[in-house]
Amino acid sequence: MQGLMMSAPLLISSLIEHAGRHNGATEIVSRRVEGDLHRTSWGEVQRRSKRLANALIAMGVVPGDRIATIAWNGYRHLELYYAVSGIGAVLHTINPRLHPDQIAWIVNHAEDARLFFDATFVPIVAAIGARCPTVASWVLMTDADRMPTDAQGPELACYEDLIDASSDRLAWPVFDENTASSLCYTSGTTGNPKGVLYSHRSSVLHAFGAAMPDAMGISAGDSVLPVVPMFHVNAWGLPYTAALAGCKLVLPGPALDGKSLYDLFENEKVTFSAGVPTVWLGLINYMKQHGFAFSTFKRTIIGGSACPPAMIRTLNDDFGVEVVHAWGMSEMSPLGTTCKLANRHLTLPRDQQLRILEKQGHVIYGVDMRIVDPDGHDLPWDGEAVGDLLVRGPWVMREYFKAEGGDPLVVDEDGVSWFPTGDVGHIDADGYLQITDRSKDVIKSGGEWIGSIDLENIAMAHPSVLMAAVIAVPHPKWDERPLLIVVRKPDRDVSRADLLAYYDGKIAKWWTPDDVVFVDSIPLGATGKMLKTRLRDTYRDHRLPTA
Ligand code: AMP
């Protein structure tokens, strides 16, 4: 027997229709490339995304076409999110921090039909234009009077001209909710990048899941500033979740330094934010230098790589900001787990609560997870047994774009398919996941595993350490041993012996790194994560004192 409820496909256009109609006056504030602040509203974004959708249709864009963006977090990028997916085309957000050769490769692999870009990225377009034959038009996201007259490279169209020439009368088309909505290439450290193709259904369900109180917990009362870029897994879904919740959205554009962010947090009364751990370093340093405090900022999601416990404590104790540690990946839209206390934790002493909050957390409804041994057998959830992490759910990928890399799923003995994340960790009896490493980064010492994240977290708690990475280097007896690579805080000194002694009593003795290297900076990848592959290459021949 069928239920007798209305059937409405879960389409991304329903999010902007909801936000425009029911929270139309709520503000969207953007820092533009030109440096000024621009103010609009959900109602205006709804109208302009319809004009843009009409412009795309007039340009000849058809459902399934890939429309690329190379852009910062801003209102025009937000309009593209809704206009492109809304008409059944696929929004392909490209990370501008990649090398132009990689960008050209991605554009050609995706066979992008149009490419929209911010003025900052004119040089990228000049570098790749002639190499990307599928791109029929290049649209500069700016006003007519700011169009360059001397730009090298392909013919440019102007974003605001497209909007001006189009009507805002449009009924969003209704189609199958499993239609592709957006495309994001993973920053794969080996081999070519692979595309993750999200659907309308997966994006809307993820927006629901992300909004829940134990996930991001966003409501109409929030002012949300995504530091995470709109080219990194759809800014962790925030452009969708913010529309669903009807909250104020503050988009920081290219200005991600401590001062610019702090000014925006204060002036726009930001209550909630999201970003990878490295972005908070600059903001925290700037605020400490000037003795500043936050007046409205209360909560942030930190994920994308392990958030050092020292950062959780600093934000909490010194700045009154609750950190929600989250884990996920591009292939998961990206949210998998978030770390909030359960009712039974509320009476624990604060220190024990903080130890729970340092973990990557509990799955949110929609995602299921397992940890397995190398033969695929389930490991106990005892907070100790470390295994490979598998996940499944309606916003978890089943296959890469164009079937690149074959079928990635593994099937369990009940015939159920799981996505192998490539992460390793343990799960405790309460269902809280702790990631101990990326499987490629695990240090294999004498047949045992050493998790690099634990070693990095301890070093990061040292008062003189700004950043720390731990990598495996070859060892004649133990196969691999840990090497600690450290960036010291400005004006702080610490010796190799001090740092190694700092591990005493905090971990098993044999986990202690064999050596320390001091560097001026640690290379970061295109999404702000430490580039351990580069570090391993650099220190491949490093001679450990124990070797
Ligand atoms: P990406 O697809 O670029 O977002 O990268 C996903 C990967 O980042 C995951 O598979 C993890 O290895 C890592 N990652 C994300 N969040 C965390 C976290 N909270 N702790 C540790 N690693 C994380």
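Helices here are DSSP runs of H or I of at least four residues, strands are E runs of at least two, and both are numbered from the N terminus. The model is predicted: local features need pLDDT of at least 70, side-chain atom pairs count only at pLDDT 80 or more, and totals for chains, interfaces and linings use all residues. Residues are numbered from 1 along each chain as its sequence is written, and side-chain values use heavy atoms, with hydrogens and water left out.

**Backbone exceptions**

Start with helix α8, residues 233-236, which holds tryptophan 236. This tryptophan has a positive phi, near 55°, and is not a glycine. Most residues other than glycine have a negative phi, and most peptide bonds are trans. Tryptophan 236 counts as buried because its relative accessibility is 5%. Buried means under 20% relative accessible area, exposed means over 50%, and partly exposed lies in between, using a 1.4 Å probe and protein chains only.

Lysine 402 is another non-glycine residue with a positive phi, about 60°. It sits in the loop between β18 (387-392) and β19 (410-411). Its relative accessible area is 40%, so lysine 402 is partly exposed.

The bond from serine 333 to proline 334 is a cis peptide, with omega near 5°. Proline 334 belongs to the loop between β14 and β15 (335-338).

**Helix pairs**

Axes are lines fitted to C-alpha atoms, for helices over the stretch in contact; angles run from 0 to 180 degrees between N-to-C directions. Angles under 35 degrees count as roughly parallel, over 145 as roughly antiparallel, 65 to 115 as roughly perpendicular, and the rest as oblique.

| Helix pair | Angle | Axis separation |
|---|---|---|
| α1 (residues 12-22) and α9 (residues 238-245) | about 45° | 7 Å |
| α1 and α3 (residues 75-86) | about 130° | 8 Å |
| α10 (residues 258-267) and α11 | roughly 80° | within 8 Å |

Take α1 and α9. Their angle of about 45° makes the two helices oblique to each other. Their crossing is left-handed; that is, the near helix is turned anticlockwise from the far one by less than a right angle, whereas clockwise would be right-handed. From α1, the contact uses Ile12, Leu15, His18 and Ala19; from α9, it uses Tyr240, Ala243 and Leu244. Contact means heavy atoms within 4.5 Å. By class, this α1 and α9 contact has 6 nonpolar residues, 1 polar and no charged. Nonpolar covers Ala, Val, Leu, Ile, Met, Phe, Trp, Tyr, Cys and Pro; charged covers Asp, Glu, Lys and Arg; the others, Gly among them, are polar.

Helix α1 also packs on α3. This pair is oblique, and the crossing is left-handed. Ile12, Ser13, Leu15 and Ile16 of α1 meet Tyr81, Tyr82, Ser85 and Gly86 of α3. The residues of this contact divide into 5 nonpolar, 3 polar and no charged.

For α10 and α11, the axes cross at roughly 80°. The two helices are therefore roughly perpendicular. On the α10 side, the contact residues are Gly258, Lys259, Leu261, Tyr262 and Phe265; on the α11 side, they are Trp280, Gly282, Leu283, Tyr286 and Met287.

**Cores and helix α12**

A nonpolar core is a set of buried Ala, Val, Leu, Ile, Met, Phe, Trp, Tyr and Cys residues joined through side-chain atoms within 4.5 Å. In soluble globular proteins, nonpolar side chains tend to be buried together. The largest nonpolar core has 81 residues, and Trp42, Tyr82, Phe116 and Met216 touch the most other members. Another core, of 44 residues, lies apart from it and includes Leu283, Ile356, Val487 and Val519.

Helix α12 spans residues 309-319, and its buried residues include Pro309, Met311, Ile312, Thr314, Leu315 and Phe319. The buried residues of α12 pack against α11, β13 (299-302), β14 (322-328), α13 (350-357) and α14 (452-460).

Histidine 290 lies in α11, residues 277-290. Its relative accessibility is 43%, so histidine 290 is partly exposed.

Alanine 126 lies in α5, residues 122-128. With a relative accessible area of 33%, alanine 126 is partly exposed. Beyond its neighbours within four places in sequence, alanine 126 contacts Gln152 and Gly153. Its C-alpha atom is 11 Å from that of aspartate 150, which is 24 residues away in sequence.
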